[in-house]
Amino acid sequence: MDILKKHWGRPPAADWMRSLKRSNFYGRFFGNDDSNDDQSNGGNGNGNSRGSGLSSTVRENWYLGFTAFGGPPVHFKIFHDKFVTKLGWIDEQVYQELFSVCQSFSGPGSTKMHYCINLIHNGFLSAVLGFLMWSLPGALGMFGLAIGVSNIGTSLPRAVYALLSGLNAATVGIIALAAVQLAQKAITDKMTRSLVFLGAAAGLLYNALWYFPLLMLVAGGMAVVHDFCWLHGPVKRVAGGVWSVKQTFMLLFGRGEKRRRREERTRREADDMEMSQRETDNKNDNNNDNNHASSSSNHKTGTRMTQDTDGGVPPSTAETEPRIVPPSHDLNSKVIFWRFGLLLILLFLVSFTVIMLLRGLLPTKPLLYRLFSNMYLAGTIIFGGGPVVIPLLREYVVAENWVSPRDFLIGLALIQGFPGPNFNFAVYLGALTAINGGYSAALGALLGYIGIFVPGLVTMHGTMGVWGAIRGMRWVRSGLRGVNAAAVGLIYTAVYRLWQIGWIDEGFQQGTSLANDPWWVVVTATSYVGGCWYGVSPPVACLLGAVLGLVRYGVVQGQGL
């Protein structure tokens with residue numbers, strides 16, 4: 001130690017700890033940044049901001065896990081109304097950026113959005129606490145449902161199928177309304193309008209794990225090309241070449257001279273009419289010259305005042321200036337360092353590699369390990385959120401003969417009517433898998449919960465550190481416009497997918513299209529119109545859909561069908 005002091009003045013470890021203290025690393029990571037607290041409290045620095053931050057997290061988040069029905073598209077709207085419009089925890093620009101980033105990376109989209117909002121506002125501990133309050137109510141409900149389903153017979157009463165179909169039909173209407181409202185915010189010009197349409201159309205025509213992230217990447221690239229006018233020069237040159245060829249062609253065939261004479265004659269007639277009109281106007285305006293001069297002077301004075309008020313910046317220039325992020329929403333000061341974010345991502349990739357290698361190399365793997373590795377893989381490679389996780393989990397669970405197709409479809413119908421994230425479906429499947437394999441239902445549910453949520457949250461936390469360093473770049477903001485538009489378009493894909501399997505009954509327990517019975521079309525339309533025109537909340541719409549499903553059952557039973 002004396003040698004180190006002699007050569008370095010102090011131990012290297014001490015320098016490292018002092019640098020962390022100066023940079024307030026721990027405060028930034030755990031949401032206890034004293035510098036930010038001083039600014040937010042007017043410089044008082046009372047030291048109670050961490051407690052107040054956690055209390056505000058509990059106060060504003062505790063009920064969301066019980067009331068956020070409708071799936072990810074509706075969740076995004078709920079978060080916007082609450083955290084942007086009502087509370088102002090983030091602004092509109094940050095919300096749109098978070099929406100794009102959450103949709104661009106794997107994992108549960110709405111859960112990552114909720115996690116990031118609390119992370120930005122109050123720090124890491126508040127983000128974790130908010131996540132638990134957001135996800136646990138639905139997870140516990142799905143756990144109880146799994147225990148109940150494991151004890152039923154081979155078929156359910158038709159009344160239950162009718163209730164589940166009503167829930168599905170109402171959910172389709174809720175998601176469709178959320179898609180329309182999100183599209184209205186994402187569409188800012190013709191380019192974004194086209195990307196929303198193309199994203200929806202492409203998502204309807206094909207479905208694969210690699211396909212959705214590719215669509216969003218292509219949309220982001222198209223937005224960058226459009227905003228930076230990279231194709232304008234080549235297009236103009238091509239258009240100029242086509243025009244030159246056309247002119248040459250017309251001259252060769254003797255049409256150029258005739259056209260020139262016709263244009264000259266038209267020009268002379270227009271000049272004559274303009275001169276006649278000018279003479280008439282001069283006669284009528286002789287008595288109003290003084291008033292006209294006064295009006296012109298006032299107009300110039302007003303123009304100068306307007307320019308002074310606006311700082312002398314023309315509208316076209318102001319619109320193209322880079323956006324200045326407000327200090328209260330500066331991600332660098334409230335989240336983590338980009339280096340630490342990159343480290344988190346690298347550590348996750350190492351863990352994913354180890355788990356997948358063991359999954360492939362071990363000759364005999366316990367059932368619970370296979371369950372966890374499948375959920376971990378699904379949570380890592382799922383892009384597009386809840387609507388995409390359903391078919392993938394079917395392949396990873398039903399195809400393995402861990403859960404029956406009927407039990408899978410029952411859970412699929414009920415998860416649409418449960419609050420919170422759709423990824424809680426993994427809790428239901430994990431519990432059923434453990435029960436069918438002779439293991440503890442709670443252990444299977446816990447493994448499913450951790451495996452499906454952890455990959456997306458860890459990578460998102462790390463991405464936020466990197467994102468804080470690059471979000472101010474113009475090409476990044478431009479690319480996000482395209483990614484955001486394509487992500488909104490893919491929500492319409494979720495509407496179509498659920499519509500195609502929403503009606504379940506004894507004869508088709510795998511699900512069939514809601515369009516096969518006009519009653520379900522009416523239920524879907526009622527849910528949409530109720531939310532759009534009459535302000536019906538998603539929980540009430542789901543309850544109404546379930547009631548209408550039971551009404552249909554009563555009518556059908558009364559007619560003996």
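**Exercise 1.** Where is the place of Val-218, and what does its relative accessibility make it count as?

*Solution.* Keep in mind that this is a predicted model. Step one: find Val-218 in the chain, and you land in helix 13. Step two: check its relative accessibility, which is 42%. Buried means under 20% and exposed means over 50%, with partly exposed in between. So Val-218 counts as partly exposed.

**Exercise 2.** Which residue forms a salt bridge with Lys-82, and is Lys-82 buried or exposed?

*Solution.* First, the partner: Lys-82 pairs with Glu-60, and their closest N and O atoms are 2.9 Å apart. Why might two such residues team up? Side chains of opposite charge can pair when their charged atoms come close.

Lys-82 sits in helix 7 (residues 72-86) and Glu-60 in helix 5 (residues 49-61), so the bridge ties together parts that are 22 residues apart in sequence. Now the accessibility: Lys-82 has 6%, so it counts as buried. Glu-60 is buried too, at 14%.

Compare that with Asp-81 and Lys-77, another salt bridge with a 2.9 Å gap between the closest N and O atoms. Both residues lie in helix 7, four residues apart, or about one turn of the helix. Asp-81 is partly exposed at 36%, and Lys-77 is partly exposed at 28%.

**Exercise 3.** Which residues line the largest cavity, and which helix gives the largest share of that lining?

*Solution.* Start with the search: the whole structure has three cavities of 30 Å³ or more. The largest holds about 80 Å³ of space. Its lining is made of Arg-158, Tyr-161, Ala-162, Ser-165, Trp-503, Ile-504, Asp-505, Trp-520, Arg-552, Tyr-553 and Val-556. Helix 11 gives the largest share, four residues.

Then sort the lining by type: seven are nonpolar, one is polar and three are charged.

Finally, spot a pair in that list: Arg-158 and Asp-505 meet in a salt bridge, 2.9 Å from N to O. Arg-158 lies in helix 11 and Asp-505 in strand 1, so the pair ties together parts that are 347 residues apart in sequence. Arg-158 is partly exposed at 26%, whereas Asp-505 is buried at 8%.

Definitions and conventions:
Residues are numbered from 1 along each chain as its sequence is written. This is a predicted model: local features need pLDDT of at least 70, side-chain atom pairs count only at pLDDT 80 or more; totals for chains, interfaces and linings use all residues. Side-chain values use heavy atoms; hydrogens and water are left out. On a 1 Å grid over the protein atoms alone, a cavity is a set of points where a 1.4 Å probe fits but cannot get out, and a pocket is an open set with protein on both sides within 12 Å along at least five of seven lines; lining residues have an atom within 4 Å of a point. Grid points are joined across faces, edges and corners, and a volume is the space filled by probe spheres set on the points. Helices (H or I, at least four residues) and strands (E, at least two) are DSSP runs, numbered from the N terminus. Ala, Val, Leu, Ile, Met, Phe, Trp, Tyr, Cys and Pro count as nonpolar, Asp, Glu, Lys and Arg as charged, and the others, Gly among them, as polar. Buried means under 20% relative accessible area, exposed over 50%, partly exposed in between (1.4 Å probe, protein chains only). A salt bridge is a side-chain nitrogen of Lys or Arg within 4 Å of a carboxyl oxygen of Asp or Glu.
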